[in-house]
Amino acid sequence: MEDSEEWDTHVETAQWTKRLIPNISQWITCKFRNTNYFFTQALTGHGSFMTYTHRIAKTVNDRCRYCGDTDTPEHTLFSCIRWEVRRGAAKVYLGEDITPDNIIIRMCQSKEKWDAGFNFIIKIMERKEQEERADQNRQ
């Protein structure tokens, strides 16, 4: 079975990652692709997202600290009011509103778009983790 066939037919796990990377062949062949700790957290949904931290019993609820909505990876990156300015800047570089369904596709189009999308994601994740840790230290 080819990588893309396995990616498309495997439906038990990694649905968030598969939504971000709908075309695994494009991902694999992207010349600009790079990842780091924070980017991987966003791709997997295993990071400073209250739905994740609540699921692993690290937090008491799954509510966003900034707006009170359910804090999923999609919420944090694509709809939370806290990150609206960063989303606006990323839109300028990526050429359209960004969604979970198009961000990686757009990022793979050029080095400039990759850098814009990558920086958008990691800056949110870095800042979110810093603010979470600062709150934990105050308690």
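**Helix packing and an exposed loop residue**

Reply: H4 and helix H9 (residues 111-138) pack with their axes 8 Å apart, at an angle of about 90°. The model is predicted: local features need pLDDT of at least 70, side-chain atom pairs count only at pLDDT 80 or more, and totals for chains, interfaces and linings use all residues. Residues are numbered from 1 along each chain as its sequence is written, and side-chain values use heavy atoms, with hydrogens and water left out.

Me: Why is H4 called roughly perpendicular to H9?

Reply: Angles of 65 to 115 degrees count as roughly perpendicular, those under 35 as roughly parallel, those over 145 as roughly antiparallel and the rest as oblique. The angle here is about 90°, so H4 is roughly perpendicular to H9.

Me: Which residues in H4 meet which in H9?

Reply: Contact means heavy atoms within 4.5 Å. Tyr37, Phe38, Phe39, Gln41 and Ala42 in H4 meet Trp114, Phe118, Ile121, Ile122, Met125, Glu126 and Glu129 in H9. The residues of this contact divide into 9 nonpolar, 1 polar and 2 charged.

Me: What makes Ala57 count as exposed?

Reply: Exposed means over 50% relative accessible area, buried under 20%, and partly exposed in between (1.4 Å probe, protein chains only). Ala57 has 67% relative accessibility, so Ala57 counts as exposed. Ala57 sits in the loop between helix H5 (50-55) and helix H6 (73-78).

Me: What is the phi of Ala57?

Reply: Ala57 has a positive phi of about 65°, although it is not a glycine. Most residues other than glycine have a negative phi.

Notes:
Axes fitted to C-alpha atoms, helices over the stretch in contact; angles between N-to-C directions. Helix = DSSP H or I, 4+ residues; strand = E, 2+ residues; numbered from the N terminus. Nonpolar A, V, L, I, M, F, W, Y, C, P; charged D, E, K, R; others polar.
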